[in-house]
Amino acid sequence: MYAHGKADFIVKLQIALKECSESECWLELLIENGYYEDSAILKQCTEVKRLLIASINTAKKPV
């Protein structure tokens, strides 16, 4: 994934955040309904989400 400028980079991070949030929802459903037992992956997903949010906030700061 290559970005063509700062705005494009931010858009790509936002897409990644959207996909991460969707994955988090699916993981929560799978764990709550007993289809998957290891909640460590949900914690990792949450951490990736936090990193993406921090990256977006940093990228949006004026230079």
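This is a predicted model: local features need pLDDT of at least 70, side-chain atom pairs count only at pLDDT 80 or more; totals for chains, interfaces and linings use all residues.
By class, the contact of α1 with α2 comprises 16 nonpolar, five polar and five charged residues.

Two packed helices are described by the angle between their axes and the distance between the axes. Here α1 covers residues 6–32 and α2 covers residues 40–60. Their axes come within 9 Å and cross at roughly 160°. Angles over 145 degrees count as roughly antiparallel, so α1 is roughly antiparallel to α2.

In soluble globular proteins, nonpolar side chains tend to be buried together. The largest nonpolar core in the model consists of eight residues: Leu13, Leu17, Cys20, Leu27, Leu42, Cys45, Leu52 and Ile56. The elements that contribute two or more residues to this core are α1 and α2.

Cys45 is one of the core residues. With residues up to four places away in sequence not counted, Cys45 touches Cys20, Ser23, Glu24 and Leu27.

## Glu24, a buried residue of α1

Glu24 is found in helix α1. Its relative accessibility is 10%, and buried means under 20%, so Glu24 counts as buried.

Which residues does Glu24 touch, not counting those up to four places away in sequence? They are Leu42, Cys45, Thr46 and Lys49.

The C-alpha atoms of Val11 and Ile56 are separated by 8.9 Å, while the two residues are 45 residues apart along the chain.

## The loop and Tyr36

Tyr36 lies in the loop between α1 and α2. Is Tyr36 buried, exposed or partly exposed? With a relative accessible area of 37%, Tyr36 is partly exposed.

Leaving aside neighbours within four places in sequence, Tyr36 is in contact with Leu30, Ile31 and Ile41.

## The segment after α2

Pro62 is found in the segment after α2. Its relative accessibility is 77%; exposed means over 50%, and Pro62 therefore counts as exposed.

How far apart are the C-alpha atoms of Pro62 and Asp38? They are separated by 40 Å, with the two residues 24 residues apart along the chain.

Conventions. Residues are numbered from 1 along each chain as its sequence is written. Side-chain values use heavy atoms; hydrogens and water are left out. Axes are lines fitted to C-alpha atoms, for helices over the stretch in contact, and angles run from 0 to 180 degrees between N-to-C directions. Helices (H or I, at least four residues) and strands (E, at least two) are DSSP runs, numbered from the N terminus. Angles under 35 degrees count as roughly parallel, over 145 as roughly antiparallel, 65 to 115 as roughly perpendicular and the rest as oblique. Ala, Val, Leu, Ile, Met, Phe, Trp, Tyr, Cys and Pro count as nonpolar, Asp, Glu, Lys and Arg as charged, and the others, Gly among them, as polar. A nonpolar core is a set of buried Ala, Val, Leu, Ile, Met, Phe, Trp, Tyr and Cys residues joined through side-chain atoms within 4.5 Å. Buried means under 20% relative accessible area, exposed over 50%, partly exposed in between (1.4 Å probe, protein chains only). Contact means heavy atoms within 4.5 Å.
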